[in-house]
Amino acid sequence: MSGPARTLAEKVWERHVVYRAEGEPDLLYVDLHLVHEVTSPQAFDGLRMAGRGVRRPDLTVATMDHNVPTGPGVVDPVSVKQMEALARNCAEFGIELFPTGHLGQGIVHVIGPQMGLTQPGLFIACGDSHTSTHGAFGALAIGIGTSEVEHVLATQTLPQSKPGSMAVTVEGELPEGVSAKDVILGIIARIGTGGGVGKIIEYRGSAIRGLSMEGRMTVCNMSIEAGARAGMVAPDDTTFAWLERRPHAPKGAEWEDALDDWRTLPTDDGAAFDDDVVLDATKLRPHVSWGTNPGQTVTIDDVVPEPTNDAAERALAYMALTPGMPIREIRPDTIFIGSCTNSRITDLREAANILRGRKVAAGLRAMVVPGSMLVKQQAEEEGIDLVFKEAGFEWRDAGCSMCLGMNPDKLEPGERSASTSNRNFEGRQGRGGRTHLVSPAVAAATAVAGHFATPQDLAGGAGDARSKRRGERTSSP
Amino acid sequence: MKPFTSHTGRALPLDRADVDTDQIIPAEHLKRIERTGFGPFLFAEWRTDPSFVLNDPRFEGASILLAGANFGSGSSREHAVWALEDAGFRAVIAPSFADIFRNNCGKIGLLAVELPAASVQRLMDLAHGDPNSELTVDLEALRVSWSAGEEPFTIDTYTRWRLIEGLDDIGLTLRREADIARHEAKRPTRLPSVTG
């Protein structure tokens, strides 16, 4: 090999540089621009005011996800106005739209990969911070604001200052019951919510290689919760097998050509990162957040920690938790399985496997919101919907739903959730709501137990299951 | 974009770290399709607490926000920057900012100034001690100054130039039309197209 050793991120970055000059950010070409109803209306208005068009409607795709209703009931007229604005804008500028009621509709970060539009080596932008999800395919994918959405619509490019780099290596086999969600929560607990600021994280190591594409998407999705500009995983045979034959994946000779190219993308041996973080996968446990940012997270075997600063004290007061309380003793009111973090078919299968033949604990509200209408359809073909419904879960249509309080699915003030989403900020799931971030497996087990629990807790009676494991802190529910 | 050269105003001390954009403007207030009118919803939830600093009449009319580290984390919503601007803020001073928030600030002319945590704390103490004391944020001189002192800051030279000139990014990029067209001509045909 010739030339200096380069990282995956550097290779993808370099192939998108349109213009470079000393003292200026690089101008990068955007291969795919994903658009949704909340961060786009002002961008389209800006185009109209300046008399500009959309440069590449063929590289732009839109959907409705953030404020769509996922169940029956009255839709707030302001939300309707925002969805109608998107439909009008897409029609006016010639952009393909997957609106509510269309089988292609879903959360923007679920439908891109599902259609095969998300591919290794691409530069992808979207007016949503969880755009980092697409990095699971070895794409460079960043969340942008509305001014930048307008910039991409008008020019198909983005001026970007080159971020730093961070390698997060997770080695070893994940213990039973520990999922991709626990990997990323463990990483954020380790490096903090600002740990990745100004950097692109590359997730590496045997535990990452061993994850499914859905698992890798879960990990990359929450890169932003560590403050990172983007998260990436090098493409490999798992990536290629997942992509092959998807509607927009290359076909025939172009597929072979693409494979040859994608195999050149992984980080070269000897390439240097600005930061290196190493985690031992074998030591990871299911995680549960206790506070009001995703870094305030402990394992399910822990207790609510003593506050060490004002922020932690404020968080405990908001969450109405007492230090020393075992996590397993906390009882949520609502279980939410969904969001761009955990709403794909494998997430639903994992939860359904735990729920099969079991019931949601009395008094709990439980809902599952597939990430796209196609995920919903597939789950129904597999009979997974029946498992959820028989257990007592509501089975909804696709959307962002209770991940953020801007559609009818919300927590009430003081209500507590076990949620497979990505943010436990104050009021994120509804004014006064209290969010605990967990994996789909923990959400499902918690739904049955009525308090935070792992699937293993359910298996042989809570006490038995825990006492069989070695080297763990004991805590009784 | 409004040019930013120098601004003098009173400061509002928000002594909290990791202030996320869901707090700056909660999601339920993101439904406007206009670019204006977000100011009344700035920190909407925290403002329901009468003791919240933004409700303190002594700080009414403040135009410089002082905040803790990692300000603007979370959601990419530019509405957070629009709300601050609409509520009369011209600059935010904090020990660090989330990337997307900082980018969004640079696009609309709200100045994000990074100072060491101890310096931000000193400015917060100053504001608490005398809410009428004024700060000057000078982007040309790269300096924050107050009655009893001053502190230099850095910002990338390109953003500084754009802010001082009040230049629109799209206009700047469109000067690169030939480069963009050249890049497009080189893109492999196998790359995905939404319509193809």
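I count two residues as in contact if their C-beta atoms, placed from the backbone, lie within 7 Å. The model is predicted: local features need pLDDT of at least 70, side-chain atom pairs count only at pLDDT 80 or more, and totals for chains, interfaces and linings use all residues. Residues are numbered from 1 along each chain as its sequence is written, and chains are lettered from A and ligands numbered from 1 in the order in which they are written.

**Entry 1: chain A against chain B**

I looked up the contact between the chains and found 67 residues of chain A touching 47 residues of chain B. On the side of chain A, the elements that give two or more residues include β1 (17-19), α2 (41-50), α3 (77-93), α5 and α10 (252-262). Helices (H or I, at least four residues) and strands (E, at least two) are DSSP runs, numbered from the N terminus. The largest share of this side, seven residues, comes from α5(A). By type, the side of chain A divides into 23 nonpolar, 28 polar and 16 charged residues. For these classes, Ala, Val, Leu, Ile, Met, Phe, Trp, Tyr, Cys and Pro count as nonpolar, Asp, Glu, Lys and Arg as charged, and the others, Gly among them, as polar.

**Entry 2: helix α5(A)**

I then checked burial (buried: 20 or more other C-beta atoms within 10 Å of a residue's own; exposed: 12 or fewer; partly exposed: in between; C-beta atoms placed from the backbone). Ten of the ten residues of α5(A), residues 146-155, are buried, so the helix is largely enclosed by the rest of the structure. Among them are Glu148(A), Glu150(A) and His151(A). After α5(A) comes Gln156(A), with a positive phi near 60°.

Asp347(A) and Glu350(A) are among the buried ones. Gly357(A) follows this helix and has a positive phi, near 75°.

The axes of α12(A) and α15(A) (residues 440-449) come within 8 Å and cross at roughly 30°. That makes α12(A) roughly parallel to α15(A). Angles under 35 degrees count as roughly parallel, over 145 as roughly antiparallel, 65 to 115 as roughly perpendicular and the rest as oblique. Axes are lines fitted to C-alpha atoms, for helices over the stretch in contact, and angles run from 0 to 180 degrees between N-to-C directions.

In α12(A), Asp347(A), Glu350(A), Ala351(A), Ile354(A) and Leu355(A) meet residues of α15(A) that include Pro440(A), Ala444(A) and Val448(A). The residues of this contact divide into nine nonpolar, no polar and two charged.

**Entry 3: the largest nonpolar core**

I took a core as a set of buried Ala, Val, Leu, Ile, Met, Phe, Trp, Tyr and Cys residues joined through C-beta atoms within 7 Å. The largest has 194 residues, and Ala351(A), Ile64(B) and Leu111(B) are among those with the most contacts inside it. Its largest share, eight residues, comes from α15(A). Leaving aside neighbours within four places in sequence, Leu111(B) is in contact with residues including Phe4(B), Arg90(B), Cys105(B) and Leu163(B).

**Entry 4: positive phi in chain B**

Most residues other than glycine have a negative phi. I listed Asp18(B), with phi near 55°, in the loop between β1 (6-14) and α1 (21-24) of chain B. Asp18(B) is buried, with 26 other C-beta atoms within 10 Å. Leu142(B) also has phi near 55°, and its place is in the loop between β5 (134-138) and β6 (143-146) of chain B. Leu142(B) is partly exposed, with 13 other C-beta atoms within 10 Å.
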